[in-house]
Amino acid sequence: MSLPSMFDTNRDAKPDRTILLIAFFLITSAVLLASHNRPFLESMGAAGQFLKNPITEAFFVSLFLANVLFAYLWKAAPWARALVGVGSLLIVLPSAGRQDTSLLDLSIQIMIFAALALGLNIVVGLAGLLDLGYVAFFAVGAYTWGIFASPRFAEILRYYGENPGATNAGTLAIGLFLTVVTAASMVYINRLTNRQPPTATSTWSFRLAAFGLVAGLTLASRAAVVLMSGQADSLASGIAPGFFWLFLALSVLAAAIVGVLIGLPVLRLKGDYLAIITLGLGEVIRVLANNLDLYTAGSQGITPIRSANVPWFNSLAGALGFSEEQHYLLFLYVLVLIVLGMILLVNVRLDRSRIGRAWIAIRDDEVAAQAMGVPLVQTKLIAFATGASFAGIMGMIFAAKQTFISPESFNLFQSIGVLSMVILGGMGSFPGVILGAAVVTLLNLRILPGLGEATAHLGLPQQVNPGQLQRLIFGIILVTMMLLRPEGLLPNRRRTRELHHEDNQEDDSVDGNAGALGNTSAEVYSAGVAPAKHEDNAGGRR
Amino acid sequence: MTGTGNILDVRGVMKVFGGLVAVNDVTMSIPERSIVSVIGPNGAGKTTFFNMITGIYQPTSGTIRLAGRELVGMRPDQVTEAGIARTFQNIRLFSTMTSEENIMVGRHARLKSGFVDAVLRTRKFHDSEQEARDTARLMLDFVGLSQWRDELATNLPYGDQRKLEIARALATTPKLILLDEPAAGMNPRETEDLKSLIRRVRDELGVTVCLIEHDMRLVMTLSEYITVLDYGSKIAEGLPHQVRNDPRVMEAYLGRGAAAGEYGKEERPHV
């Protein structure tokens, strides 16, 4: 089966594959279950050794995950597709993970990256804003939970207990009052300037109010921390796990706010300029995490970070035969699955709405979009904040899963990695970017390290040892993929139609063809990064 | 042609880019439900003038009022919301969207459903989507592009792309529509079509039309009033036959010597 036909999204033209789908599901499930059952493998002898080989194992895991992909792609009876999708993710995968922790861990990792890719896809794929600092929002979510749910929190309380300054209950009241008043005036001024053009007075009073808001929040939070400092000992290992649910919402909120704060000054820029400045700001967040020793423990990192504790879920997991130390992993697996499902739903719904159309309009032509009544900065900020909030919630779950975070978890390569998932999968295509996330994560965590392990005993010289050349192989795969399928593995409907629309237009006018060619090359090679057609005499503010 | 009954009043607008005065102290009024034109040789500042009215450029000085409401200081999207729509000299459709979706974007400012409505699929969301789709179909019918509804905008023939841009602009329910060289690149038959479309925009929808155009036959037969710009300044204005016979206009288009001779019907070779 050639690559293009394998990923052909035109479902109607294909034969019904219900039986093939079910058969594939049963076979791969059986192999997966067998290869993750240690006693069974040992009883198998040589065949067991073969199944345990890291390369074969990675191969079977990939094959199994392809089930979900085929359930989405293939034409088959709805019940079969639902059965394979639900059965794979909710029954077979967790069962196989009962014996092998790394399988659940890998699945969680794939889904976290899938959510990140979906978030970045809104910013890059839909709104056409190249963001190279996306992982900053992931960090914000991770630290939001990490600081409070670890011994760090007690450290902070102790520090402020010893250095209270002039803070007392009165400060808290003043801080809260200032916050409320300035926030209200910002809302008021904003409403006013939406109706009539802003004046110098309105602009400056808005800035003053924003400053007051920051001051108020600082005062209030400082006072609150000082007042709480007596509790330091009872909070020695962080706040109660019950706060996990509240923090799920808070991490979304925190990341969205940081998204807006970063977005406000930079979204007036476009293309390459935006890419460079987001890259810089992403690094700023990492450097902050590195240097705010009191809050983040600097490069040492924060550990141990708590996770939620759900007694009924634990007893359920116990009843299903999961060992005690696996309960939290199974819990996180289910949680990530639900959160990813919700993120996907939000994505699909936003895409087919007024806001989704506005994003795509901005990507296609900013000047025209604005002339049609789309407020540029506001619409871009919504894209930034939405993308950021997905990263925020997954950052928090990542912190809970790893129980350890340090600034190094959030470096530039993570941002580039997520971007490569989006581009490899197909910008603007939701199933595409999820597939991209799965492929890149499998390559990075299983296939390439597996290649290294499998060839370790061959005694190859270092220059040609695959274990040493992981990044090179990864790079070659990416380059090859982009050359063969520039629109991505599962391209977006719009993009496919644009790239291949010459096929269904035989008697074309010269104008039409010229336009089509020009657009095709722009779409493919600039990859939505800097649509070249923005520059011409209709202008546009830089 | 000043006083009450004007939809747009432009007073002494000026735009300076660095040392270059692109538009110099232009005053112009557009009567409600009229069809007017702005003409002038290449580089006369016509498009810059349009860009100031639509908020893409802020004038260095001067005022622009739409039905008495000051537009200077507004962003382009706010100007659109206030009631001015435009098309572009070089077609700027959303190339990855269908004709219908292009027009639905034009409806953006008039729809009220927001982020939360979209995520929760509220009644408000469904109502506003339906409204946008209905408007899109109405507008496609109006400009005669119904057969292209689900086709990508880039796949439309050139002349139809221009019409689609007009339909998209009309979807914003404007009081005034600015057409920047709508006939550029059209053959005579397409131009005739366009002429009747522009008349229908005014007669059937009651939208005031202002166009920049180089096709003099179109300008002279369609416009009720013409303003001529040259080197950023207004050099003449009036009824078509007045402008046609104005010596300054002939000079601007043909040069001093030629202006003394006979004035041709088309100043510029048809592109």
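**Entry 1: domains of chain A**

I began where two domains of chain A meet: seven residues of domain 1 of chain A are in contact with eight residues of domain 2 of chain A. On the domain 1 side of this contact I listed four nonpolar, two polar and one charged residues. A reminder to myself before going on: this is a predicted model.

Next I looked up the bounds. The assignment for chain A gives domain 1 as 1–99, domain 2 as 103–150 + 240–412, and domain 3 as 153–236. Taken over C-alpha atoms, the centres of domain 1 and domain 2 of chain A are 29 Å apart.

**Entry 2: chain A as a whole**

How many helices and strands does chain A have? I found 24 helices and zero strands. Chain A has 542 residues, and 43% of them count as buried. I also checked contacts in chain A between residues at least 6 apart in sequence, and 80% of these join residues at least 24 apart.

**Entry 3: a helix pair in chain A**

I picked out helix α17(A), residues 354–364, and helix α19(A), residues 376–402. Their axes come within 10 Å and cross at roughly 110°. Since angles of 65 to 115 degrees count as roughly perpendicular, that makes α17(A) roughly perpendicular to α19(A).

Which residues of α17(A) meet α19(A)? I noted Ile355(A), Ala358(A), Trp359(A) and Ile362(A). Facing them in α19(A) are Leu376(A), Thr379(A), Lys380(A), Ile382(A) and Ala383(A). By class, this contact of α17(A) with α19(A) has seven nonpolar, one polar and one charged residues.

**Entry 4: the four-stranded sheet of chain B**

Over to chain B, where four strands form an open sheet in the order β2-β1-β4-β5, with antiparallel pairing. Its edge strands are β2 (20–31) and β5 (69–70) of chain B, each of which pairs on one side only.

Inside this sheet I followed β1(B), residues 6–17, and β4(B), residues 61–66, which pair in the antiparallel sense over five bridges. For a landmark I took Arg11(B), which stands opposite Thr63(B) in β4(B).

**Entry 5: the six-stranded sheet of chain B**

I then traced another open sheet in chain B, with six strands in the order β6-β7-β8-β3-β9-β10 and mixed pairing. The edges here are β6 (84–86) and β10 (233–238) of chain B, and each pairs on one side only. Ignoring direction, neighbouring strands of this sheet are turned by 20° against each other on average.

At one end, β6(B) pairs with β7(B), residues 176–180, in the parallel sense over three bridges. Ile84(B) has Leu176(B) in β7(B) as its bridge partner. I also saw helix α7(B), residues 188–205, packing on the sheet, where α7(B) touches β3, β7 and β8 of chain B. The direction of α7(B) makes about 150° with that of β8(B).

**Entry 6: helix α1 of chain B**

One helix turned up at both sheets. α1(B) lies across β1, β2 and β4 of chain B, running at about 65° to β2(B). α1(B) also lies across β3, β6, β7, β8 and β9 of chain B, at about 150° to β7(B).

Note on methods. Residues numbered from 1 in each chain as written. Chains lettered and ligands numbered in written order. Predicted model: local features only at pLDDT ≥ 70, side-chain atom pairs only at ≥ 80, totals over all residues. Axes fitted to C-alpha atoms, helices over the stretch in contact; angles between N-to-C directions. Helix = DSSP H or I, 4+ residues; strand = E, 2+ residues; numbered from the N terminus. Parallel < 35°, antiparallel > 145°, perpendicular 65-115°, else oblique. Nonpolar A, V, L, I, M, F, W, Y, C, P; charged D, E, K, R; others polar. Pairing = 2+ DSSP bridges. Buried ≥ 20, exposed ≤ 12 C-beta atoms within 10 Å, placed from the backbone. Domains from an automatic or database assignment.
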